[in-house]
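Trainee: Hi! Could you walk me through this structure?
Mentor: Happy to, let's open it up.

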Amino acid sequence: MPWDIHVNSPEEIAGIRKAARAAREVLDIAGQAVKPGMTTDEIDELVHSECVKRGGYPSPLNYNGFPKSVCTSINEVICHGIPCTQTKLKEGDMLNIDVTVYLDGFHGDCSEMFCVGEVDEAGKKLLRTTYKAWQAAIAICKPDVPYSKIGGVIEEIIAKEGYTSVRSFCGHGVGAVFHTNPTVLHYKNKQNNGVMRPGHVFTIEPMINEGVEKHLMWKDDWTATTKDGLRSAQFEHTLLITENGVEALTAKTENSPKQFWEE
């Protein structure tokens with residue numbers, strides 16, 4: 001049932017924490033490498049190498065047939081963009097890099113937006129609003145909060161700016177299994193997807209569009225783009241519910257790349 005959510009033991013939490021830290025390190029390295037002219041396949045090679053260096057494995061590789069080690073989603077690509085040798089980053093692009101590392105039996109999952117050179121003001125507004133809504137949703141997380149509350153917090157913030165929240169993709173439980181309960185919806189809803197308890201580990205990863213929330217699926221059956229061709233943005237953390245609140249297991253470190261509004 002959707003409200004049947006695994007409560008991780010201290011030993012499991014320690015394992016997820018280790019995988020999540022590795023994922024953050026790999027994501028940071030990939031983000032720091034982003035530059036105009038770089039191919040998304042070069043990002044994939046870098047992520048794969050850094051996962052292996054840490055004794056891990058890139059969770060996306062061969063997951064339900066996904067052919068690469070990381071998802072690279074540019075501009076109008078909402079999620080699950082497949083790296084390739086033909087796609088080169090251009091000045092002004094907005095890129096999401098989604099890294100998941102499988103390490104010692106556990107997955108750590110995170111993603112972040114990276115600007116390729118200078119992004120226009122409309123793009124910067126989308127990035128800041130998406131980040132603001134994501135952080136506000138994380139801030140309400142604590143024991144006894146229904147998972148259904150998350151989406152309303154996000155939608156209230158982004159709708160004021162004329163943006164929409166994608167409904168076809170969601171956050172999820174993560175740990176020993178890559179994708180499991182709970183289902184985390186990023187739009188206002190009343191779905192009974194359970195209540196937060198200490199030991200729950202899951203992601204919040206809103207995909208926010210400049211235009212309509214509907215998507216188109218490419219023939220590769222992975223790449224999802226906005227239906228109107230306008231841009232999309234996303235941020236993601238692996239989160240742990242504690243006795244007193246929430247901890248971002250994939251939180252940034254002092255060495256992580258900074259967003260333009262953090263500098």
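Mentor: Let's start with a salt bridge: arginine 54 pairs with glutamate 25, and their closest N and O atoms are 2.7 Å apart. A salt bridge here is a side-chain nitrogen of Lys or Arg within 4 Å of a carboxyl oxygen of Asp or Glu. The model is predicted, so local features need pLDDT of at least 70 and side-chain atom pairs count only at pLDDT 80 or more, while totals for chains, interfaces and linings use all residues. Residues are numbered from 1 along each chain as its sequence is written, and side-chain values use heavy atoms, with hydrogens and water left out.

Trainee: Where do arginine 54 and glutamate 25 lie?

Mentor: Arginine 54 is in the loop between helix H2 (40-53) and strand S1 (57-58), and glutamate 25 is in helix H1, 29 residues apart. Helices (H or I, at least four residues) and strands (E, at least two) are DSSP runs, numbered from the N terminus.

Trainee: Is arginine 54 buried, exposed or partly exposed?

Mentor: Arginine 54 counts as partly exposed because its relative accessibility is 26%. Buried means under 20% relative accessible area, exposed over 50%, and partly exposed in between (1.4 Å probe, protein chains only).

Trainee: How many salt bridges does the structure hold?

Mentor: There are 19. One of them joins aspartate 120 to arginine 231, with the closest N and O atoms 3.1 Å apart. Aspartate 120 sits in the loop between S5 and H3 and arginine 231 in the loop between strand S12 (224-226) and S13, so this pair ties together parts 111 residues apart in sequence.

Trainee: And is arginine 231 buried or exposed?

Mentor: Arginine 231 is buried, because its relative accessible area is 14%. Aspartate 120, at 41% relative accessibility, is partly exposed.

Trainee: New topic! In what order do the three strands of the open sheet come?

Mentor: The order is S6-S10-S13, with antiparallel pairing. Strand S6 (164-165) and strand S13 (232-234) are the edge strands, each pairing on one side only. Two strands pair if DSSP finds at least two bridges between them.

Trainee: Which residues does serine 165 touch?

Mentor: Not counting residues up to four places away in sequence, they include Ile154, Tyr187 and Glu213. Contact means heavy atoms within 4.5 Å.
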